[in-house]
Amino acid sequence: MNYNIKSITAKNSGPTTSNGTNTYILGNHNLIIIDPGPDDNQHLENILKNIENKNVEYIIVTHTHKDHSTLANKLAEITGAKKIGSTKDFIKNQEKNSVINFDIEFTPDIYLVDQMIIKTEDLILKALHTPGHTSDHFCFKEETMSRIFTGDHIMGWSSTLISPPDGNMGDYMSSLSQIIDKGKNEYFPGHGDKITDGKSYAEKLLQHRFNRKQKIHELIILGNKNAEELTGYIYKDIDFRLLKYATLTILAHLIDLEKEKSIKSDGLENTNSTYSKI
Ligand SMILES: [Zn+2]
């Protein structure tokens, strides 16, 4: 089945968002919107213009980082669409932690579970739980055109941020393998351009993470270090605005290596904790 696909990029460009968040509108008559994006009036207007008074059945959120979900409630009110997103447990946890990057105002009508089918007259999507960037992250596979909507799991411009404690490197790497196993697909990311040969792109990302993990392990074998020190060794010419994100991603690797019992920590799990060889 052929169906229209429109991509609208919100004007929230920045060091972690590239040109901005991509909102996808899928379908011919009965539409699905993936990642409505930030709560911004101009973005809302652009989306409404592109909907052209057609019926919007579902608004899907890949994960509840604010730049992906905050327009969902307003857009659902205007269009009457059902909101699909995050798991119940995840929302419960975030309410407890009240982590600022997460959109705890987002209230799905339908909670995602792995392998859930989302169907309209125009197309069928299968939800794939892909934890790592966040524990509630989902990608969406459309079979007939071999497309995967990858959110922030696989982005078109940079490797993704893994920020502990919710971000988890071990989960991220297995979720990447899961997407690679789906074979050749075109990827439509939450940030950056469409990726035509998705499989080899994801394989390169996975290889990069393996190499980085190995490098971190080697550096710890040479002497005790914390995530901040390792960032200095690994990222030589990094944009200072990305420094804290790079440090968090290194911490995610350290936690993963510790879990595998390849290294040990001083008992804490933060960017100042010292890690040493076993
Ligand atoms: Zn995100």
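Ser175 lies in helix 5, where helices (H or I, at least four residues) and strands (E, at least two) are DSSP runs numbered from the N terminus. Ser175 is buried, with a relative accessible area of 4%; buried means under 20% relative accessible area, exposed over 50% and partly exposed in between (1.4 Å probe, protein chains only). Leaving aside neighbours within four places in sequence, Ser175 is in contact with Thr130, Pro131 and His153, contact meaning heavy atoms within 4.5 Å.

The model is predicted, so that local features need pLDDT of at least 70 and side-chain atom pairs count only at pLDDT 80 or more, while totals for chains, interfaces and linings use all residues. Residues are numbered from 1 along each chain as its sequence is written, and side-chain values use heavy atoms, with hydrogens and water left out.

Five strands form an open sheet in the order 7-8-9-10-11, with mixed pairing; two strands pair if DSSP finds at least two bridges between them. Strand 7 (117-119) and strand 11 (186-189) stand at the edges, each with a single partner strand, so one side of each is left without a neighbour in the sheet. From one strand to the next, the twist averages 25 degrees. Helix 5 (residues 169-180) packs on this sheet and touches strand 8 (124-129), strand 9, strand 10 and strand 11. The direction of helix 5 makes about 150 degrees with that of strand 8; axes are lines fitted to C-alpha atoms, for helices over the stretch in contact, and angles run from 0 to 180 degrees between N-to-C directions.

Within the sheet, strand 9 (residues 138-142) and strand 10 (residues 147-151) run antiparallel and are joined by three bridges. Strand 10 and strand 11, by contrast, pair in the parallel sense over four bridges. Phe149 in strand 10 stands opposite Phe140, and Phe149 also stands opposite Phe188 in strand 11. From strand 11, Glu186 and Phe188 point one way and Tyr187 and Pro189 the other way, and all are buried. Strand 10, helix 5 and strand 11 make a right-handed β-α-β unit; a crossover is right-handed if, with the strands pointing away from the viewer, the path from the first strand over the helix to the second runs clockwise.

Thr62 lies in the loop between strand 4 and helix 2. Thr62 is buried, with a relative accessible area of 1%. Not counting residues up to four places away in sequence, Thr62 touches several residues, including Asp136, Phe138, Phe140 and Gly151.

Gly80, whose phi is positive, near 80 degrees, follows helix 3.

In helix 7 (residues 227-234), the buried residues are Ala227, Leu230, Thr231 and Ile234. They cover an arc of only 105 degrees around the axis, which puts them on the same side of helix 7. The buried residues of helix 7 pack against helix 6 (198-222) and helix 8 (243-259).

How values were computed: Arc of directions from axis to C-beta.
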